[in-house]
Amino acid sequence: MVWDDELHEECGVFGVFHHAQAAMHTYFALHALQHRGQEGAGIATSDGVKLYCHKGRGLAAEVFRGRELDRLPGENSIGHVRYSTAGGDVPENVQPLMARSQIGSIAAAHNGQIVNANVLRQRLEEQGSIFFSSSDSEIILHLIQRGKGSMMDKIAAACRQMEGAFAFLVLTEHSMYAVRDRHGLRPLSIGVFDGGYCVSSETCAIEAIQAQWQRDILPGEIVKFSEQGVQSCFYTAERTHHLCAMEYIYFARPDSTLDGINVHTARRKSGVLMAQKDLSAGLAADIVVGVPDSSLSAAAGYAEVAHLPNEMGLIKNRYVGRTFIEPTQEQRDLAVRMKLSANRDVVCGKRIVLIDDSVVRGTTSQRIIRLLKEAGAREVHLRIASPPLWWPCFYGIDIATRKELISAHMDPDALAEKIGADSLRFLGVADMEQIYGRDRCCYACFDGNYLTSLYDHEEEVRTT
Ligand code: SF4
């Protein structure tokens, strides 16, 4: 990670049921989901008799370097890419997590964050459970193992005890289960290929293995894949539909379609809205520059409406090491220069509308604006394709604490001055609702309306 200021997703999951090349397809799908987590990757498979697993720290290509896939037999598999906030970057937290008990072997791969994890973990430990990791995802395994009835019943009972964001896959010797929390905070879709099924955090991975999207898993739904076919049930009647808005704004790949909305199209609309506001306000500019990569779609929408050239004013170096965390200011500034360069011939002497997706601590925006101005930009008007971040996320996105969120403590004009922008405007929550629909997404990090109780985290919100 170069930036001290980036948002981080906490994982992507992918599963295959009933395909001769289950592990290989999962491996390639994990590449398509790599943007959701770069610190760990793993695949578990089942051959109908037992489970197999290979996992490790690093990118999928680093974890699977040689013949590991050959040692993952079977037609069913689940895979995971991880970013390591919940529980820390330690080997035992890399997923899929595996367990063996009187109910057989199971593997689980989880995307999201369980907000009542501490309460549940303490209760499970008092009842004798021994945890082998510090990941909140392990709670899923323990709750399932303690359930009664069929595996579907056990998973449903586990889900009713958990609160927060979870989209997870469970693999047993004979079946695969795919589950989405009752608010649908994290995405999960089903695809079909060659007579088999796949399940993915994002549709881009379904496309990557040449499967066809079939449908999205609904909030609160448990889907079972077995030799008997596909069965589905809901673990609760209390369901809403609130996909994380940040999936659209920042995390998901532009070629993914989440709950019926294409990510590129949604980002483009945010650029259109920002341009319409600036046109009404009479902003004069020469070019539009999007911060690569997640802001390029919004920049395209802005440029089209404002009738301005959409220029490649910033170039991203894709080969900068992801573990580049440097402690001093000077080293951080150098790291930004390694990752992003201003295209001097394009930006020199220009009044630039700079489009970015979000402002967290403000340090990255400040450095990018400095880069552009040092390259001769005459003016830099920063437009952010999301509302100001005022609240932390407890649903699986590593946003920082409220104390660190600069917009929570500074109005846009003061912030513009601090980061060196000639002007700064954000989209509003009402604009987001215009793009994604009213009451259709979680906007809690913008408006503080969390969808659940926050349990241990209540204190953090109240006191900061
Ligand atoms: S609080 Fe923000 S980042 Fe977290 S789930 Fe809601 S919209 Fe996404």
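This briefing describes selected sheets, helices and packing contacts in a predicted model. Local features need pLDDT of at least 70 and side-chain atom pairs count only at pLDDT 80 or more, while totals for chains, interfaces and linings use all residues. Residues are numbered from 1 along each chain as its sequence is written, and side-chain values use heavy atoms, with hydrogens and water left out. Helices (H or I, at least four residues) and strands (E, at least two) are DSSP runs numbered from the N terminus.

**The six-stranded sheet**

- An open sheet is formed by six strands in the order β6-β7-β8-β9-β13-β14, with antiparallel pairing; two strands pair if DSSP finds at least two bridges between them.
- The edges are β6 (97–101) and β14 (229–234); each has a single partner strand, so one side of each is left without a neighbour in the sheet.
- On average, neighbouring strands are turned by 20° against each other, direction ignored; axes are lines fitted to C-alpha atoms, for helices over the stretch in contact, and angles run from 0 to 180 degrees between N-to-C directions.
- Within this sheet, five bridges pair β8 (residues 164–171) with β9 (residues 176–180) in the antiparallel sense, and Val170 stands opposite Tyr177 in β9.

**Helix α5 on the sheet**

- Helix α5 (residues 151–161) lies across β7 (104–114), β8, β9, β13 (221–226) and β14, and runs at about 25° to β9.
- Its buried residues (under 20% relative accessible area; exposed is over 50%, partly exposed in between; 1.4 Å probe, protein chains only) are Met151, Met152, Lys154, Ile155, Ala156, Ala158 and Cys159.
- These buried residues of α5 pack against β7, α4 (138–146), β8, β9, β13 and β14, where contact means heavy atoms within 4.5 Å.

**Helices α8 and α14**

- The axes of α8 (residues 263–281) and α14 (residues 429–436) come within 10 Å and cross at roughly 135°.
- The two helices are therefore oblique to each other; angles under 35 degrees count as roughly parallel, over 145 as roughly antiparallel, 65 to 115 as roughly perpendicular and the rest as oblique.
- Ala266, Lys269, Ser270, Leu273 and Lys277 in α8 meet Asp431, Gln434, Ile435 and Tyr436 in α14.

**Strand β11 and its partners**

- Four of the five residues of β11 (residues 196–200) are buried.
- β2 (residues 12–17) pairs with β11 in the antiparallel sense over four bridges, and Tyr197 in β11 is the bridge partner of Phe17.
- β10 (residues 189–193) runs antiparallel to β11 and is joined to that strand by five bridges, with Phe193 opposite Gly196.
- β10 and β11 form a hairpin with two residues between them, and Asp194 in the turn has a positive phi of about 50°.
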